[in-house]
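This report looks at one protein structure, with attention to its aromatic rings and one of its helices. Please have the sequence and the model at hand while reading.

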Amino acid sequence: MKMTNGSISCEISAASEVSFVSYVPCSYDESTVFYAARRFFTQCGKLRRECTCESRRLRLGKGSKAVLPFCYLIPAVLMELPGEWARVTGAISAKGVELRKVELFPNHPCLMLR
């Protein structure tokens, strides 16, 4: 899936070793959850702009092997997923955005009892 911001674009994909954790009842399989996360990144203006610009900066820089990890906490309803909150973890590289883990929570992760 491609993400475009103006004339800048980059790929958004799931990593080869992805992880999906749900603390809420969820009948979606892993591929559906990662599709929802990829779609959210392509539709959210701020994330799209930040990720495409950062990927471009890494492509143009000398250290194109650099990887910048990220972790976003997003209301799950914005990705049309069950639960209250979704934590998306991944990395931005010269190739684009790679999603590595999606977690679904029934309430804010700070309120989760261990």
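Phe41, Phe70 and Tyr72 make up one aromatic cluster. The model is predicted, so local features need pLDDT of at least 70 and side-chain atom pairs count only at pLDDT 80 or more, while totals for chains, interfaces and linings use all residues. Residues are numbered from 1 along each chain as its sequence is written, and side-chain values use heavy atoms, with hydrogens and water left out.

**Aromatic rings**

Rings of Phe, Tyr and Trp (its six-membered ring) pair if their centres lie within 6.5 Å; planes under 30 degrees apart count as stacked, over 60 as edge-to-face and the rest as tilted. Searching the whole structure gives 4 aromatic pairs. In one of them, Phe70 and Tyr72, the ring centres are 5.2 Å apart and the planes stand at 35 degrees, so this pair is tilted.

The table uses these classes: buried is under 20% relative accessible area, exposed over 50%, partly exposed in between (1.4 Å probe, protein chains only).

| Residue | Relative accessible area | Class |
|---|---|---|
| Phe70 | 9% | buried |
| Tyr72 | 23% | partly exposed |

**Helix α2**

Helices (H or I, at least four residues) and strands (E, at least two) are DSSP runs, numbered from the N terminus. In α2, the buried residues are Leu47, Cys51, Thr52, Ser55 and Leu58. They lie on the same side of α2, because their arc around the axis is only 125 degrees, taken from the directions from the helix axis to the C-beta atoms. Lys46 and Leu60, on the other side of α2, are exposed. The buried residues of α2 pack (heavy atoms within 4.5 Å) against several elements, including α1 (30-43) and β3 (68-75).
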